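Please consult the sequence and structure below alongside the notes.

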Amino acid sequence: MKKSVVLSWSGGKDSALALDALSRDPEVEVVGLLTSVTRTYDRISVHGVRRSMLEAQVDRLGLPLFEISLDPGCTNDAYEAAFYAALYEIEWDLPHVSHIAFGDLFLEDVRTYRERLLVGSGFEPMFPIWGLDTASLARRFIADGFSARLVCVDTTQLDAAFAGRAFDEALLADLPPTTDPCGERGEFHTFVSNAPQFSAPIPYRVGETVLRDERFMYCDIE
């Protein structure tokens, strides 16, 4: 019996790498995606990507989407309530699901938090790309034919000019040594427009860049 897994999906690079790793595991079947969406903006939380772009990813993956529906600036308690509500939907719609997978790489506090959230929920956590070397992983992402673009940059950690750039070898060469190649410390977030599991690439155009909260530079895509 394969493990039925729902993957926490941000629409970015690490989610796509986690999906790729799970897809290669003969003991696992990914049966759904779980995404945080900010209601007022109708965009993927933190990444700021339009719902239409998320829907294009979901369409190309052919998997059902479960949403963690959030208000802007929600509290941690509100987030956890929305997270558990989404788990209830998963349990109701897909009662055979046993695991929730995450694309975390090395932040121990984040992993511990996710593990705590799932205690007593009936779901077990999975971390399919945990502990992998991020420099090697970033290069493999490019070499294996994934395509992504930086859609959010934390300007306290990385120059705002990186917002909107393609995630490619030139970008990796330009990243300062203090920046993790996969942006694991929140330096940047990405949108994936093509992956081995996609039925077809997602066409899009790059829009304007906007600074929010005097810190985060977002690049709109549509």
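The model is a predicted one, in which local features need pLDDT of at least 70 and side-chain atom pairs count only at pLDDT 80 or more, while totals for chains, interfaces and linings use all residues. Residues are numbered from 1 along each chain as its sequence is written, and side-chain values use heavy atoms, with hydrogens and water left out.

**Helix H3 and its cover**
- Helices (H or I, at least four residues) and strands (E, at least two) are DSSP runs, numbered from the N terminus.
- Buried residues in H3 are Tyr79, Glu80, Ala82, Phe83, Ala86, Leu87 and Ile90; buried means under 20% relative accessible area, exposed over 50% and partly exposed in between (1.4 Å probe, protein chains only).
- Viewed down the H3 axis, the buried residues fall within an arc of 165°, so they line one face of the helix; the arc is that of the directions from the helix axis to the C-beta atoms.
- Asp77, Tyr88 and Trp92 are exposed on the other side of H3.
- The buried residues of H3 are covered by elements including strand E1 (3-8), strand E2 (28-38), strand E4 (65-70), strand E5 (99-101) and helix H4 (108-118).

**Ser4 in strand E1**
- Ser4 lies in strand E1 and counts as buried because its relative accessibility is 7%.
- Not counting residues up to four places away in sequence, Ser4 touches Glu29, Val31, His96, Val97, Ser98 and His99 (contact means heavy atoms within 4.5 Å).

**Nonpolar cores**
- A nonpolar core is a set of buried Ala, Val, Leu, Ile, Met, Phe, Trp, Tyr and Cys residues joined through side-chain atoms within 4.5 Å.
- The largest such core has 49 residues, and Leu7, Trp9, Leu22 and Phe167 have the most contacts inside it.
- A second, separate core of 20 residues includes Tyr79, Ala82, Leu87 and Val97.

**Open sheet**
- Four strands make up an open sheet with antiparallel pairing, in the order E8-E7-E10-E9; two strands pair if DSSP finds at least two bridges between them.
- Strand E8 (188-194) and strand E9 (206-212) are at the edges with a single partner strand each, so one side of each has no neighbour in the sheet.
- Strand E7 (residues 147-154) and strand E10 (residues 216-221) run antiparallel and are joined by three bridges; Asp154 has Phe216 as its bridge partner in E10.
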